[in-house]
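Please open the structure in your viewer and keep the sequence at hand.

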Amino acid sequence: MKNKKLIALAIAGVLGIGAIAGGTLAYFTDSDNKTNVITMGHVDVDLEEPGWENPNNVQPGNKYLKDPQISVVDGSEDAYLRAKVTVTLKDKNGNDVMVDGEQLLPALSEVVDINDGWNPTPDADGYYYYNTKVSAPTTVSLFKVKGEGDNKYTVEIPMEWGNAYADTVLTIDIVAEGIQADNFTPQMDGTNIIGWNGVTAETYNK
């Protein structure tokens with residue numbers, strides 16, 4: 001009878017431990033949460049030529065105010081600028097102009113001067129580089145403006161252009177590009193920027 005009581009007590013003790021293990025335990029705890037919002041910036045450049053209208057019946061010695069203005073737009077990050085300038089000369093049928101079996105193609109420097117602040121020597125792809133970073137909102141002119149008042153001009157048709165240029169169409173195409181200035185180091189030659197390390201500019205979708 002005594003042994004039966006001990007067994008009963010032992011079973012009761014086991015059940016008691018089971019009850020404690022299966023119960024709900026409470027601890028001091030805490031929880032917190034943070035949402036980190038990182039808003040990306042952008043580079044935004046514009047190219048305008050205020051007041052420019054394509055002239056007709058151009059003659060040697062004529063002067064025109066073609067003033068390509070490149071702007072780092074308000075809200076843009078600081079940027080380096082470059083402009084690709086392509087010069088073409090076509091006859092009235094849209095063909096290359098040939099003289100003695102060779103293509104007649106004037107250099108940009110024959111008709112305009114690159115403005116101060118730019119590297120005046122283009123790279124192999126025709127890009128001219130602005131030598132300092134530009135903060136928004138700032139506008140820089142690509143071509144040097146000459147003359148005064150109503151006589152200002154940037155383009156001057158050389159007097160040396162004779163009949164080989166008659167009835168031809170001279171086109172100056174310009175593409176303006178920008179790249180972030182922070183965390184970017186352009187290629188340099190002394191104080192002149194000469195490249196963007198092979199970077200190809202993409203269009204920013206506003």
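How many bridges join S3 to strand S8 (residues 138-141)? Select both: 4 bridges join them, and the two run antiparallel. Strands here are DSSP runs (E, at least two residues), numbered from the N terminus, and two strands pair if DSSP finds at least two bridges between them. This is a predicted model, in which local features need pLDDT of at least 70 and side-chain atom pairs count only at pLDDT 80 or more, whereas totals for chains, interfaces and linings use all residues. Residues are numbered from 1 along each chain as its sequence is written, and side-chain values use heavy atoms, with hydrogens and water left out.

Within this pairing, Ile70 stands opposite Val140 in S8.

Select S4 and S10 together: 12 bridges pair them in the antiparallel sense, and Thr88 stands opposite Thr171 in S10.

Finally, select Ala83, which lies in strand S4 (residues 79-90). Ala83 counts as buried because its relative accessibility is 0% (buried means under 20% relative accessible area, with a 1.4 Å probe and protein chains only). Beyond residues up to four places away in sequence, Ala83 touches several others, including Ile70, Trp118 and Leu142; contact means heavy atoms within 4.5 Å. Gly126 is 43 residues from Ala83 in sequence, yet their C-alpha atoms are 8.1 Å apart.

Key:
Buried < 20%, exposed > 50% of the residue type's maximum accessible area, 1.4 Å probe, protein only.
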